[in-house]
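Please find my comments on the model below. They are set out as numbered points.

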Amino acid sequence: MTEKKLLKRTVYCGKINEAFVDRTITVYGWVNKKRELGGLTFIDLRDREGILQVVINENFAAPQIIKKIGIEYVLSVTGNVVLRSNPNPDMYTGKVELVAEEIEILAESRVPPFFPESRTDVSDELRFKYRYIDLRSQRMQGNFRIRSQATLKARNYLDRCGFLDIETPMMTKSTPEGARDYLVPSRIYKGRMFALPQSPQLFKQLFMISGFERYYQIVKCFRDEDLRADRQPEFTQIDIEMSFAEQAELFEIIEGLVKEIFSVTGKVVQTGFRVMPYHEAMDKYGSDKPDLRIPFEINDFTEAARKFNSNILNSIIENNGKIKGLVFPESVKYSRKVLDNLNNYVREIGGKGVIWMKNTENGFKSSLKIEPAVMEAFYKENGIDFNDIVFLIGDSLEQALFLAGKIRERLGEPFMDKEKLEFLWVVDFPLFFYNEEEQRLDSNHHPFTSPRLEEMDKLVIEPTAVKAIAYDLVLNGVEIGGGSRRINDFNLQKKIFRLLRLTDEEAEEKFGFFLNALKYGAPPHLGIALGLDRIIMLLTGEDSIREVIAFPKTTSSLCLLTGSPSQVPGGQLDELGIRLK
C-alpha cells in the first residue's frame, strides 16, 4: 500500500485573515469543537497559532467522513477562504471561514479526560497526568511561545555583550550547596556516585580561571529539597559569570538583559533599578525580597509602646524584644471577623498574635487593654490619621520583622498596582549566619562568596558582622536572581572553609580540584544566576512556575505523566552494586 503524501500546509489556522479571501488553502490542526446547524457542519480547527472556523456544506464531496470526526481528531483540510456572515470580533480569524473541499483524518482521538480550552475546573493532578492535552490550550501554547522568545532574546543580548555560551557537565562531584544532591550511581566504579548539579557554580568559576572572561549558559539545575508549594526538583537558570568587572558593571548588563526579556510581551523596563542594603529591606519591609508595589513600611514603636502600661509589651521589651507596627488606612474596613482572621494567620505562621487599635464612633478601641486617651496621644505623637488602623507585633527583633512583613504582604495587596514592575537590587547581605541547630556558622549564599574587603579584619573576631559582596535581584516580591563576587584567593578560600568548620582534609576531599585551580592565576570575577522559570511566570502573569515548565513535577516531586520516580528491577541494582534498605 502506497503511503499518501501530505499536502503542503499553506498557512497556520491562527494566521488567516481577510487577505486570504478567495484563496484555496490547506491547513492542519486538532478539532476544538464540532457542531451541526441545519445542513451545515462547523468545526473549530486549532493549531499552535489559533483557531479557524471550517464549514462543511451540502456540496462536500465525501459526507460520510463528517460523522467519523470527533473532538481532538487531527485533520488536514483543504478549501476556499470566504468572509463570515456573522463575524466573531474576539478572534483574529473571526472575519473569515474555510469552506471545506477536502478533509483527511490524520489521527483519531479517544474522548479526552478534559478539553484543552475548558480546563478551569480540572485538577492539577489530572492536568499533569495528561500534560500533552493540557499543553494544547492556547494559554499554554502562548506561555511557551513567550518562553522561547525570551530565551532567544537572552542569548542574542548576551552574545552582543561578549559572553560565550559554554556547557558544563550534568554528572559531576557531590559538593553540597545548601540542598541535597540527586545522586547517580556508577556501574563501573561500584560504590561511587556522580551528582546532578545544584548549579554550575564551580565550573563557571573554572571558566574564569581558564581565561574565557565572559560565560553564560541556560542550564538545568537539580535540588533534592523538601516539599514546597512552588519549587521544582529540576529548574532552569540563566547562569552568568564575568572576570575583571565590578558589581556596578554586572548590574548594568543584567538590567539590560531583563529589559530585553520583558520586551517580548511589550513591557517597558526602566533601567537603573533601585539598590537597597539587606538591613534596610529587613527593617522597612520584614523581607529580603520586598514587594515595593505595596506602599507601606514597618515602623518601630518600641519606645512608644512603653506608654501603654502593658505588662505583655513591657515584658517583651525588657527581654530585648521589639514592638514593630504597621499603619493602614480606612480602619472601618477591618471588621471583627477580618481582625480575628488576621490574628489566626499570625499564629499559624509562628506568632503569638497581633495587637490592633483603631478609632471608632465610640472612641479608640484595641485588642489590648489600653486607655483610650493613651491611644489618642499615640496617634497624635506619631502623626497617624485618626481614620487609620494600627497593627502591633511584639517579639524578638527577627521574628517581629518577619511577622510584620507577612502582615504587610497580606493586607497590602489591595493597595498595589498589579501592572507595575518594581525591580530592586538587595545588597550587602551578611556573609554568614549562625546555625543554632548545629551550633556553627553557615554561608548565607555559598562558601565561595567574597567578604567585603574592608571588613576582612572582622572575619575571625566577629564573623557574623561581616558583609558579603552579594546581591539579589527582586521583582514584585519575587527573587528572580542572586549572585556575588567570588573568592579568587586560595588562602582566603581556605580561611572561609575553616570558619565553616571544614577541616583541611574535608575541604580537599570535596573541593580539592577547585582549590588547586585557585593556585594558578585566578582573576577577580563575579556572577549571577537568574531563575528563568520565575521570570517567565511573571512575564505570562501566571501564579506558579509549573504553568511555564513543560512537564513539571508535583509539590511532592512526582511526575504523574511518566509515573516517576519508579522502582528499578533487582538485576539493574545488582549491576550497580546497590542493595535497597
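This is a predicted model: local features need pLDDT of at least 70, side-chain atom pairs count only at pLDDT 80 or more; totals for chains, interfaces and linings use all residues.

1. The barrel. Five strands form a closed barrel in the order S1-S2-S3-S5-S4, and the pairing is mixed. On average, neighbouring strands of this sheet are turned by 55° against each other, direction ignored. Strand S1 (residues 24-37) and strand S4 (residues 74-83) run antiparallel and are joined by 7 bridges. Within this pair, threonine 24 has asparagine 80 of S4 as its bridge partner.

2. Strand S20 (residues 470-475) is antiparallel to strand S21 (residues 478-485), with 6 bridges between them. Leucine 475 stands opposite valine 478 in S21. The hairpin of S20 and S21 has 2 residues between the strands, and asparagine 476 takes a positive phi near 50° there. S21 also pairs with strand S22 (residues 525-531), again antiparallel, through 5 bridges. In that pairing, serine 484 faces glycine 527 of S22.

3. Helix H6. This helix covers residues 247-262, which is 16 residues. From first C-alpha to last it reaches 22 Å, close to the 22 Å expected at 1.5 Å a residue. Its buried residues are Leu250, Phe251, Ile253, Ile254, Glu255, Gly256, Leu257, Val258, Ile261 and Phe262.

4. Cysteines. How many disulfides does the structure hold? The count is 0. A disulfide is a covalent bond between the sulfur atoms of two cysteines. Cysteine 221 is buried, with a relative accessible area of 0%. Cysteine 161 is partly exposed, at a relative accessible area of 21%; the limit for calling a residue buried is under 20%.

5. The second largest pocket. Its volume is about 290 Å³. The lining consists of Pro185, Pro565, Ser566, Gln567, Val568, Gln572, Leu573, Leu576, Ile578 and Leu580. Helix H17 (residues 570-576) gives the most to this lining, with 3 residues.

Notes. Residues are numbered from 1 along each chain as its sequence is written. Side-chain values use heavy atoms; hydrogens and water are left out. Helices (H or I, at least four residues) and strands (E, at least two) are DSSP runs, numbered from the N terminus. The expected span of a helix is 1.5 Å times one less than its number of residues. Buried means under 20% relative accessible area, exposed over 50%, partly exposed in between (1.4 Å probe, protein chains only). A disulfide is a pair of cysteine sulfur atoms within 2.5 Å. Two strands pair if DSSP finds at least two bridges between them. Axes are lines fitted to C-alpha atoms, for helices over the stretch in contact, and angles run from 0 to 180 degrees between N-to-C directions. On a 1 Å grid over the protein atoms alone, a cavity is a set of points where a 1.4 Å probe fits but cannot get out, and a pocket is an open set with protein on both sides within 12 Å along at least five of seven lines; lining residues have an atom within 4 Å of a point. Grid points are joined across faces, edges and corners, and a volume is the space filled by probe spheres set on the points.
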